[in-house]
Amino acid sequence: MHTHLIDITKEKRFLGSLGQRLTLGGGVAGIVGLAVSFGLASTSEDGIHRLWWSYLHNWTFFLTIALGALFFVLVEHLAKAGWSVVLRRLSEGVSMTLVLLAILFVPLIFGLHDLYHWLHADLVAQDHVLQHKASYLNQTFFLVRVAVYFLFWIGAAFLMHRNSVKQDQSGDHLLTGKMEALSAPFMMIFALTTTFASFDLLMSLDPHWFSTIFGVYFFAGSFMSFLAFLSVIIVGLQRSGRLTGAITDQHLHDVGKFLFAMLVFWAYIAFSQYLLIWYGNLPEETGWYLRRQTGTWSSLGIVMIFGHFLIPFLFLLSRHIKRRPLLLSLGALWLLVMHWLDLYWLIMPEYDHALTAIPFSLLDLSCLVGIGGFFIAAWAWFLRRCSLIAEKDPRLAESLTFENA
Amino acid sequence: MSTGLSENLSQDPRQRPTLVLGGKGFTEVTDTVCAVSERRKWPAIWYIAFACSLVLLGVLGACLTYLISTGIGVWGNNMPAAWGFPIVNFVFWVGIGHAGTLISAVLFLFRQKWRTSINRSAEAMTIFAVACAGIFPAVHVGRVWLAYWLFPIPNQMSMWPNFRSPLLWDVFAVSTYATVSSMFWYMGMIPDLATLRDRATGKAKQFFYGLFSLGWSGSNRHWLRFERAYLLLAALATPLVLSVHSIVSFDFAVSILPGWHTTIFPPYFVAGAIFSGFGMVMTILIPCRSAFGLQDLITTRHVENMAKVILVTGSMVGYSYTMEFFIAWYSGNLVEQFAFVNRSFGPYAWAYWTMFSCNAFIPQLFWFKKVRQTMLLAWIVSILVNVGMWFERFVIVVTSLTRDYLPSSWGMFRPTSIDFLTFLGSFGLFFTLFLLFVRFLPMVAMAEVRSVMPQAHGIVGEGHRPFGDYWPDSVHPERQRKPSPEEE
Amino acid sequence: MNHDTAPLWGMMAEFDNVSDTLAAAEKTRDAGFKHWDTHTPFPVHGLCDAMGMRDTRLPWVVLTAGITGALFGLALQYFTNAVDYPFVISGKPLFSLPANIPVVFECTILFAALTAFKAMLVANRLPQHHRPLFKKERFRRATQDRFFIVIEAADPKFDADRTRAFLESLGGLSVEEVEDR
């Protein structure tokens, strides 16, 4: 009866040899990238100190993508979405990389002293604001919190992924109900853990500065970067001949619309934060922005306004662009670069307050290659055995025949 | 209405629930909706409600006349609380005025087809709420006859408004919002007005429905542009909704007053607005659906969905309260910390805890299916949401103003009876307008409901419908698409 | 066949479901008619393809209006606050871009939304209160529960007898002439 319903069993829907190559290649890139970073750092003066900052920046970059993926999986279950079923397994794979990111956090423990100056007892002793915060900002509690965040994130990602894969075999539609029921409380915990993670990992780099919207800002960047990453992997997989029939330009259009919406949302949140602090002009808040408007940092701010908002806004406005895989993935890659720069802009000005020039370093790129390599490898590794599509999801047919009105 | 009302409550993911119950087709849907405004004899309850609303409207008129002829002193606004009830009521009403456009535009963009049964009345409610909201800042300026100074109109003093003031942003935001939502409401109504025109028997009805339906004939060429324009308006109205309450929040947040100056205000206010707006939609629609026999269109599932939105937005509001509290402590800023301790344990603690329970705790009852699906319980929760959101604005405005940096200038805010009566009277305006709307205009978007029915996709009878109302055109069983001559 | 004194304006066929209407529209399109239309009580998806219609250019008009609105909002604030009536307020520069964004945004939306509505009306030639179709009793259901295919007499291929026969072959509920009055 369904003349146009494609038969997914005829679809190339396993990573197969590509997965092995990605795991291997990614692993090699990861080892080489981090080894080169370490080599570069240990041969230059103050290099190890600088290395921690690059490491934190790039680790956060991939953390935001993975968290965006977990959000996507949860929100699609929560909304009982039909259109996105064909994209869910790919997203689950991205959210499972949280396991890798937890492992990659371990070395950071040794760099905490280089990153967070609220860990410097001598500085805290002279600073009554830091003394006030010491019950929250101290090493033990910080590590406990990070552990709790990861425990929840990994647990949530794992439960969603496992039930989904289980359904591939059994076709049990009750599993869908189970995942939907879990997604609601998970979403609430996700909101709190992600917010506090952003406070702990990024906001406390300047422990004097505070902004209640910071968690939302972090989330906006996360979800946007994940959607960009998703567009890129879809196009990449389709070029390798996978999922060519299941994922259509209709799905790409919707991912593109989401991406567009999130870049606007990011701009809205970024503007709100800036406007309120600029207008209020209170010294305890403006210092953070002042650093980002001094010297060459100000040009990075301009790049954010145009590159992270105005240019991609105009580019992704057209439905024709969102439906063309090549153009969409170009826009997505651009936004990934912008998100990387956005995190740079959040993190690096705290590296050294005396610097007015952007401290670009080769380490920024070598860490990107290193952590990125592992990230891709982990993604492929988690999806090595299962289909790239939630095969027996009760709403798969709806997703396969989805038309974007 | 013989079919069980619980028919579409199934959570089975294998089949999408039907949105229209009772086995209704196009004819029955049209009849059901038109029956509301076509009925000859109106129920006594409508007349009673209308009479009460008119009395309250009279109260509003009297209060405003007294205010304008006497002066702002008839209100309790005085130092240190120069913003009292008028601003509280303004934000309260303008917040309620967000659900309509949200249901119309945001849910439209998210393809939430259940919106079609409720969007029209929610949009109407929005416009009436914005009308109520507009009154308060207008009369709060004191010399109402000079209120046009708010607009950039060239004048003999060659003065211009100050565009660096958030209050002026408000003027632009709220007037743009009122214009665009009225237009959105009216445009969506054109096809339904045409339905009423074509069914009208009386001369007056034929004339007026005819006039306002602009000669709509359901032409497919018209539908194409109509739908595209509707989509564009939805895409424009979505950021507009966000901007309006964000700008309202800027009124507070750009200042440096403790408790007001916090960066989460824009999204927090937007979430609160949607929350209160859905609360009001529910408060109105639960009685309406039974009074006008619309249970097959506004089904229990619709109410349940609204309850879920209230739960989500209520949790967002709770999140914002938590962030404000945490960051106030984290900031290490003493005045900031005091502002929040004062809110929760100071002289207005009763208002704060009313707000907190109604907004953050009570909606959590919607985790229970029983509460979501029992009309009376859902209705009570929705009313408490309205109460809580009024108190939220009261807490924000009053606690921060009455106790700011300088303890020697602290004080209490004492609203007068005129304050209370004006607020009460604004409900008179709101309900009068809404009751007239129900009486004369199509309160359900018939054309939109028809388009989400299975019959709209060529499915007749009780055949197998794997996607329920989400039947995509590409799997249309009998139709093979042929390229058109123009395409070749 | 035309017993009425008024000249013939067109011919309409009535249907009571979507599938028949779509099939009939495809046949009408393939028969080569140009001046014809479908009237439905809600937007029927797939009908634009079935009728062989082209997409609308509305989005471009709206985009232009939005950009105009943004520039207008910016120019208004620059002229009034920085040029014509300079006045320092709360230590902000006369031309304060961050503080001007909200009004720029509202102007963008206002211009674009008004244009979207207006452009829809203009492109659809609305309001148009007089239509020969409105004189037909049956056509009143076009806004309720029936679907109509209408071929105008202005169509070069129109021929009262043959068009009636063609419409009857589509298998609808009824076929009626529409007089021009």
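## Nonpolar cores

The largest nonpolar core holds 345 residues, of which Trp59(A), Trp153(A), Trp93(B) and Phe278(B) touch the most other members. Helix 2 of chain A (residues 47–78) gives the most to this core, with 19 residues. Apart from it lies another core, of eight residues, including Met12(C), Ala142(C), Val150(C) and Val178(C). A nonpolar core is a set of buried Ala, Val, Leu, Ile, Met, Phe, Trp, Tyr and Cys residues joined through side-chain atoms within 4.5 Å. Buried means under 20% relative accessible area, exposed over 50%, partly exposed in between (1.4 Å probe, protein chains only). Helices are DSSP runs (H or I, at least four residues), numbered from the N terminus.

This is a predicted model: local features need pLDDT of at least 70, side-chain atom pairs count only at pLDDT 80 or more, and totals for chains, interfaces and linings use all residues. Residues are numbered from 1 along each chain as its sequence is written, chains are lettered from A and ligands numbered from 1 in the order in which they are written, and side-chain values use heavy atoms, with hydrogens and water left out.

Contact means heavy atoms within 4.5 Å. Leaving aside neighbours within four places in sequence, Trp93(B) is in contact with residues including Ala129(B), Phe136(B), Met280(B) and Phe430(B).

Phe90(B) lies in helix 3 of chain B. Its relative accessibility is 4%, so Phe90(B) counts as buried. Not counting residues up to four places away in sequence, Phe90(B) touches Ala133(B), Phe136(B), Pro137(B), Asp170(B), Val174(B) and Val248(B). Phe90(B) and Val248(B) are 158 residues apart along the chain, yet their C-alpha atoms are separated by 9.5 Å.

## Interfaces of chain C

Buried area is the accessible area (1.4 Å probe) that two parts lose on being put together, summed over both. Chain B and chain C bury about 6600 Å² between them, 63% of it on carbon and sulfur atoms. Trp160(B), Arg164(B) and Asn220(B) supply 13% of the area that chain B buries against chain C, more than any other three residues. In this pairing, 71 residues of chain B are in contact with 75 residues of chain C.

Chain A and chain C bury about 670 Å² between them, with 84% on carbon and sulfur atoms. On the chain A side, Phe271(A), Trp278(A) and Tyr279(A) lose the most area to chain C, together 62% of what that side buries. Seven residues of chain A are in contact with nine of chain C.

Conventions
Helix = DSSP H or I, 4+ residues; strand = E, 2+ residues; numbered from the N terminus.
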